[in-house]
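Please keep the sequence and the coordinates at hand while reading.

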Amino acid sequence: MADRGCPLEAVPLPTEVRESLAELELELSEGDITQKGYEKKRAKLLARYIPLIQGVDLSLQAESRTTGPAQTAAAAPKQPKSRPNNSRDERFRSDVHTEAVQAALAKYKERKMPMPSKRRSALVHSSVDTYTPPDTSSASEDEGSLRRPGRLTSTPLQSHPGVEPWLDRVIQGSSTSSSASSTSSHPGGRPATVPSAAAALTSLVAHAHIGVPVNSRVSSKIQQLLNTLKRPKRPPLKEFFVDDFEELLEVQQPDPNQPKPEGSQMVMLKGEPLALGTPWPPSLLTALQQWGTTQPKAPCLTALDTTGKAIYTLTYGKLWSRSLKLAYTLLNKLTSKNEPLLKPGDRVALVFPNSDPVMFMVAFYGCLLAELIPVPIEVPLTRKDAGSQQVGFLLGSCGVALALTTDACQKGLPKAQTGEVVTFKGWPPLAWLVVDGKHLAKPPKDWHPAVQDTGDGTAYIEYKTSKEGSTVGITVSHSSLLAQCRALTQTCGYSEAETLTNVLDFKRDAGLWHGVLTSVMNRMHVISIPYALMKVNPLSWIQKVSAYKARTALVKSRDMHWSLLAQRGQRDVSLSSLRMLIVADGANPWSISSCDAFLNVFQSRGLKPEVICPCASSPEALTVAVRRPPDLGGPPPRKAVLSMSGLSYGVIRVDTEEKLAVLTVQDVGQVMPGANVCVVKVEGTPYLCKTDEVGEICVSSCATGTAYYGLIGITKNVFETVPLTAGGAPVSDRPFTRTGLLGFIGPDNLVFVVGKLDGLMAVGVRRHSADDVVATALAVEPMKFVYRGR
């Protein structure tokens, strides 16, 4: 400080104050603080020495800034001048900065501390190629703690053999740029005599064994600059895939004590063969023609209104004649530019509300007779409905150009200014055809449609919405449709003129397979319960079973639950006529409680325990398994009380109902006739699971879906799976279809389902089912809390 040439020359300032002043000078020169901040901090440092330097301007703005090696003590003060942007102040051209740095280096000559570097997590491993220097400072120390020398420990630089090569590489690349930047910051390229950061580091290299004080603000700022300069402009490729918080997302390692499957490898389970010698019709359309011409007055379908009153009964004669009219109209009366609008194999959308099963049935069979492919969809509610946009994508990919609907439904659709149905967002342009009787043309007597089975050709397309919200179309061939009807007839023991009460959606899934297809093959009478009626009167389906003496009822567990809540005061209903109560969602874990509660209440009203028949199905595999009554050869029903902890590891461990952390599931019966079933691992190559292991159920049968329409890649993965033994050998020479159901094969070859692949949630190495979460919430909702064990 003697070179300053100011009255401070005579003031014995402590060494630490002089060092702090030197630091402050450098911070201002490097632009780390503002001029105002510099003056404030400097005044604070010199406050206690003010009586000793009366008459001195504490800001020292009037000090002489000559560039000579020494300045006189009586230099005349100057007026402060503004500091130009992007240029160094002339007052920093003195050697005070040089002396300060050299003094600091000399003071810490024996400390031999390594250069500090930016703190990095100890869990993040860096490559040597990134030139990151060794960091010996504690990860918990920050800039504040670095100002307390008493807490520091010195580490000799020689203990880090990689420091000097790193230092050489860094200084060689950064000194040039630092010098250039200091030169260009002066007008005319006149270099400053004040040592720059590069000069200080050059001096440091000359004294590599001296080191830089860790508690110096100067060193940390220079190091930060070097870290920026040495960093490559483009990070290495692997750094693009490294999470900054990977220590927080660290993958859990397998617990050595976790349960593991211990059973033997399962074997392929074969269903019973389809009954031989049964006079099956050669096709579904042949059955329709037979019943429509020989039993024209036999009831086929009865529709109810929202009050539960039967508004119309469709006979087999009417179904046959109306379907013929529609088929003829579609092929001969619709033209575009004097050419037929449709040709065999084209796809046609069926847009019908859930309250009109009669016209849907006519439209569906009319398309089959015309060799067109029906694509049943939901009625779009608004012009920009998000759900219908995905359906529109399906219609576009299927090349649909025509939509069939009813007069009442069309009037309820949004209209454009021209009066025509608007083009819904995401939908292709469609022509709309009303299929009510007055709009159809009667075919000539010599016109006969093809009613024979067309083999592997597509019969219809059923849509499926995945958990991501995308919609795909699943194609079902004519041969699969016929095989499904035959298998259901054999499994459920359907017979002619039997009455079935259907609460499900008749456009898809089990509601379509039982209530529209298999029922026609067997000339059954279906009582269709609209969903709107169920909301008004949840007991309506039970009342219709009792009134029509229905032999079979098709419901979901929700319908059983609702009827329990509304059954009080109902004394005149009887369920003694039922021989099968098919629970379509019996694979869901919460359905067992509905089944048990329903039996407890209605057993006194004629319901037999063996009547309740849960089943499992999926859009890809159609019906997978159905529990059968004893008179149809079914074994006694089974329940399984499973450990939730074991299930989360994909392992089956039997537990007791007294515990909270258990899941109780019921069997969904035996596999379908003519089908082979196996269980494969959920991830990776489809190896067979062990007998006590949970996996995805796969089915090989003639009665499954055939493909995702237009999606060859995922079709092969789902519909052409080849399960392998532990030795890598295929279990069969026929491909399997993945069902998307997670489960296992239990005693008596009964199928158990514990979840769905779409609802699988992976947390670390453990897997949980979304269905289990719902089941838990339903189980504990009255108590308003959730057990920790579940």
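How many aromatic pairs does a search of the whole structure find? The search finds 12 aromatic pairs, where rings of Phe, Tyr and Trp (its six-membered ring) pair if their centres lie within 6.5 Å, and planes under 30 degrees apart count as stacked, over 60 as edge-to-face and the rest as tilted. For Tyr531 and Trp562, the ring centres are 6.4 Å apart and the planes stand at 50°, so this pair is tilted. Tyr531 belongs to helix H15 (residues 531-536) and Trp562 to helix H17 (residues 557-566), so the contact ties together parts that are 31 residues apart in sequence. Helices (H or I, at least four residues) and strands (E, at least two) are DSSP runs, numbered from the N terminus. Tyr531 is partly exposed at 36% relative accessibility, and Trp562 is partly exposed at 28%; buried means under 20% relative accessible area, exposed over 50%, and partly exposed in between (1.4 Å probe, protein chains only).

The model is a predicted one, in which local features need pLDDT of at least 70 and side-chain atom pairs count only at pLDDT 80 or more, while totals for chains, interfaces and linings use all residues. Residues are numbered from 1 along each chain as its sequence is written, and side-chain values use heavy atoms, with hydrogens and water left out.

A second aromatic pair consists of Phe744 and Phe752, which are stacked with 5.2 Å from centre to centre and 5° between the planes. Both Phe744 and Phe752 are buried. Elsewhere, one aromatic cluster is formed by Phe352, Phe360, Phe364, Tyr365, Tyr460 and Phe506. Phe506 also has the charged end of Lys507 over its ring, 5.2 Å from the centre; a charge sits over a ring if NZ of Lys or CZ of Arg is within 6 Å of the ring centre and within 35 degrees of the ring normal. Arg523 likewise lies over the face of Trp291, at 5.6 Å from the ring centre.

Side chains of opposite charge can pair when their charged atoms come close. With a salt bridge defined as a side-chain nitrogen of Lys or Arg within 4 Å of a carboxyl oxygen of Asp or Glu, the count comes to 18 salt bridges. One of them joins Glu262 to Arg653, whose closest N and O atoms are 3.8 Å apart. Glu262 lies in the loop between helix H7 (217-230) and strand E1 (269-270), and Arg653 in the loop between helix H19 (644-648) and strand E19 (662-666), so the pair ties together parts that are 391 residues apart in sequence. Glu262 is exposed at 67% relative accessibility, whereas Arg653 is partly exposed at 24%. A network of salt bridges links Glu262, Arg653 and Asp692.

Glu620 and Lys464 form another salt bridge, at 2.6 Å from N to O. This pair also links distant parts of the chain: Glu620 is in the loop between strand E16 (612-618) and strand E17 (622-626), and Lys464 is in strand E10 (residues 458-465), 156 residues apart. Are Glu620 and Lys464 buried or exposed? Both are buried.

Strand E26 (residues 760-763) and strand E27 (residues 766-769) run antiparallel and are joined by 4 bridges; two strands pair if DSSP finds at least two bridges between them. Leu760 has Ser769 in E27 as its bridge partner. The hairpin of E26 and E27 has 2 residues between the strands, and Gly764 takes a positive phi near 65° there.
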